[in-house]
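Here's a quick tour of one structure, starting with a pocket and ending in a sheet. Have the viewer open as you read.

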Amino acid sequence: MGSNNRSNSGNYRNPCLTMHQPWASLLVHGIKRIEGRSWPSPIKGRLWIHAAGKIPEQETIKAMEDFYREIYAVNGITDIKFPDNYPTSRLLGCVEVVGCVTLEELRCWEDIPEGVRLEGQTNFCWLCEKPQKLIIPFEMRGYQGVYNLERKIFDSAIRGLAPIEAPLETKFPVRNPRDSFSLKPKSLVARADSSGSSEIEKKSPTLAAAISGARLAANQFSKKNQSQTHDDVPISARTRNRGGEQGLTYRKKEVQTLLTESHVNLPCNSDSNGIDRG
């Protein structure tokens with residue numbers, strides 16, 4: 001992936017997002033294609049992915065790997081190579097955010113594989129393509145929200161990327177051929193009666209069980225665990241790094257949101273589960 005020269009909103013030059021494992025590695029390895037959030041993506045283009053410091057439980061890893069086996073099987077993909085390990089407190093690689101749509105739009109989008117539509121479980125769905133991983137992940141500390149990588153880390157990381165062969169390469173069709181970033185909330189047609197379950201999910205007990213398991217994995221990051229996760233993502237660092245080295249001052253409401261919402265970003269998380277909410 002070449003250098004992304006497009007200007008991002010929010011003064012982001014080399015935007016990065018800290019995520020819990022195993023979701024961080026699943027995204028960088030091209031298995032995860034939808035990054036679910038309760039807020040729309042503030043950037044388009046390259047997004048660096050950093051793994052938070054919490055070591056994932058084996059039950060969580062199994063639940064998410066089972067989830068992806070089932071949703072890929074919907075599209076006939078049965079051979080998925082999952083990561084050999086899920087490192088923490090490391091910069092893992094990057095993906096290309098090509099757009100962001102609402103959950104209702106994603107579920108009605110017939111131009112993309114059914115398995116991709118099954119990933120959506122949150123209000124906003126960030127559309128991710130072109131995963132690349134770092135040959136040697138960099139140890140670093142993460143921050144809340146989308147933040148800029150330090151220049152020296154970026155300069156080293158950009159030279160250490162290797163492309164990933166995803167189980168099923170997914171291209172999200174753009175709405176305007178002259179604007180590669182034309183995919184945005186409300187740009188697609190969404191049915192008012194769009195439900196949370198597809199017909200395939202209703203007919204497949206194993207798929208329904210895998211989706212339930214993934215949701216349970218998300219729920220482990222409840223409000224009672226906030227203090228542990230915030231050790232990896234300090235508030236002072238968040239305010240210093242958000243949107244540029246000069247820093248932006250959070251409004252009172254934004255700070256309260258960061259402190260009251262919990263910490264997992266998953267394909268199957270609810271609005272109360274995310275490592276950050278921007």
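## The largest pocket

Sort the lining of the largest pocket by class and you get 13 nonpolar, 3 polar and 5 charged residues. Keep in mind that this is a predicted model. The space inside that pocket comes to about 390 Å³. Of its 21 lining residues, His29, Pro83, Asp84, Lys133 and Ile164 are the closest to the centre.

## Serine 25 in α1

Now zoom in on helix α1, where serine 25 is found.

Leaving out residues up to four places away in sequence, serine 25 touches Pro83, Asn85, Tyr86, Pro87 and Leu92.

## β3 and its two partners

Over in strand β3 (residues 45-51), things are mostly covered: 7 of its 7 residues are buried. One partner of β3 is strand β1 (residues 15-19), paired in the parallel sense over 4 bridges. Strand β4 (residues 90-102) runs antiparallel to β3, and 7 bridges join the two.

Tryptophan 48 in β3 is a handy landmark here. Cysteine 16 stands opposite tryptophan 48, and tryptophan 48 also stands opposite cysteine 94 in β4.

Technical notes
Residues are numbered from 1 along each chain as its sequence is written. This is a predicted model: local features need pLDDT of at least 70, side-chain atom pairs count only at pLDDT 80 or more; totals for chains, interfaces and linings use all residues. Side-chain values use heavy atoms; hydrogens and water are left out. On a 1 Å grid over the protein atoms alone, a cavity is a set of points where a 1.4 Å probe fits but cannot get out, and a pocket is an open set with protein on both sides within 12 Å along at least five of seven lines; lining residues have an atom within 4 Å of a point. Grid points are joined across faces, edges and corners, and a volume is the space filled by probe spheres set on the points. Ala, Val, Leu, Ile, Met, Phe, Trp, Tyr, Cys and Pro count as nonpolar, Asp, Glu, Lys and Arg as charged, and the others, Gly among them, as polar. Contact means heavy atoms within 4.5 Å. Buried means under 20% relative accessible area, exposed over 50%, partly exposed in between (1.4 Å probe, protein chains only). Two strands pair if DSSP finds at least two bridges between them.
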